[in-house]
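Take a walk through this fold.

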Amino acid sequence: PLTITTPSGISMLVRLNTDFQSPLSKNRFTIGHRVSLVASASGKAYLAYCEPEHRALLINLVVKSSPRLEDKIARNNQGMRTILSQVRREGFATMSDGDRSAVAVPILSKGHPLASLAMRFFGSAIRANGIRRDVVPLLKGAAEKIARAFETAPPTQMKGATD
């Protein structure tokens, strides 16, 4: 299953997904579902490409506002810097939690993140080198097409896209 998320407050908000079309979707998320800004693959892919001041502001908001255990990583400044530097260097983020795994890439417009495109999968189904070699290039290609479509869409077609 594929998901497009955008930042919303201290989380990432599912805007579109293929959960109900995918027979491989174990947990089906509806549009409007929220995932962690700092712990999810989608959130890390987004944060890694934010301007440093914006990234620091968002992480600080998570530290001050989120009671979620998974968001505890935000309190570790060096840990977050290391994670986000690696995401930026590799061009994608991952998350693994038991049998649930995800890989995400940012959707960039003029170098700035608009959203993230993620794919969830069973960790036992594909190894890390297979993700890097086979899945990430496809996700990056799709993210580039989405960004181009967003950049060239007339403003009237985009009305409500950020509501």
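Leaving aside neighbours within four places in sequence, Ile10 is in contact with Leu37, Leu61, Val62, Ser65 and Ser66. Contact here means heavy atoms within 4.5 Å. Ile10 sits in the loop between β1 and β2 (11–17). Its relative accessibility is 26%, so Ile10 counts as partly exposed. The cut-offs are these: buried is under 20% relative accessible area, exposed is over 50%, and partly exposed lies in between, with a 1.4 Å probe and protein chains only. Ile10 and Ile59 are 49 residues apart in sequence, but their C-alpha atoms are 8.1 Å apart in space.

A word on the source. This is a predicted model, in which local features need pLDDT of at least 70 and side-chain atom pairs count only at pLDDT 80 or more, while totals for chains, interfaces and linings use all residues. Residues are numbered from 1 along each chain as its sequence is written, and side-chain values use heavy atoms, with hydrogens and water left out.

Now the overall plan. The chain has five helices and six strands. Both are DSSP runs numbered from the N terminus: helices are H or I with at least four residues, strands are E with at least two. Along the sequence the pattern reads β-β-β-α-α-α-β-β-β-α-α. Of the 163 residues in the chain, 42% are buried. Take the contacts between residues at least 6 apart in sequence: 52% of them join residues at least 24 apart.

Next, helix α1. How many of its residues are buried? Eight of its eight residues are, so to speak, mostly covered. They are Ala41, Ser42, Gly43, Lys44, Ala45, Tyr46, Leu47 and Ala48. Look at Gly43, which is found in this helix (residues 41–48). Gly43 has a relative accessible area of 0% and is therefore buried. Beyond residues up to four places away in sequence, Gly43 touches Met12, Ser36 and Leu37. Gly43 and Ser116 are 73 residues apart in sequence, yet 7.5 Å apart in space, C-alpha to C-alpha.

Follow the contact from Gly43 to Ser36. Ser36 lies in strand β3 (residues 34–36). At a relative accessible area of 1%, Ser36 is buried too. Its contacts, again leaving aside neighbours within four places, are Met12, Gly43, Arg68, Glu70 and Asp71. With Asp71 there is also a polar contact, side chain to side chain, at 2.4 Å. A polar contact is a pair of N or O atoms within 3.5 Å; within protein, one must be able to donate a hydrogen and the other to accept it, and residues adjacent in sequence count only if both atoms are side-chain atoms.

Back to α1, and its partner. Two packed helices are described by the angle between their axes and the distance between the axes. The axes of α1 and helix α2 (residues 52–65) come within 9 Å and cross at roughly 145 degrees. Axes are lines fitted to C-alpha atoms, for helices over the stretch in contact, and angles run from 0 to 180 degrees between N-to-C directions. Tyr46, Leu47 and Ala48 in α1 meet His54, Arg55, Leu58 and Ile59 in α2. The residues of this contact divide into five nonpolar, one polar and one charged. Ala, Val, Leu, Ile, Met, Phe, Trp, Tyr, Cys and Pro count as nonpolar; Asp, Glu, Lys and Arg count as charged; the others, Gly among them, count as polar.

Then helix α4. Its 25 residues (128–152) should span 36 Å at 1.5 Å a residue, and its end C-alpha atoms are 34 Å apart, which agrees. The expected span is 1.5 Å times one less than the number of residues. Where does α4 bend? The bend is at Val135, by about 40 degrees, and a proline, Pro137, follows within four residues. That angle is taken between axes fitted to the seven residues ending there and the seven starting there. The buried residues of α4 include Val135, Val136 and Leu139. Its buried residues pack against β1 (2–8), β5 (100–109) and β6 (112–122).

Two strand-side details remain. Thr3 lies in strand β1 and counts as buried at 8% relative accessibility. The side chain of Thr3 makes a polar contact with the side chain of Arg120 (3.3 Å). Lys110 is found in the loop between β5 and β6. Lys110 is exposed, with a relative accessible area of 72%. Its phi is positive, about 55 degrees, although Lys110 is not a glycine. Most residues other than glycine have a negative phi.
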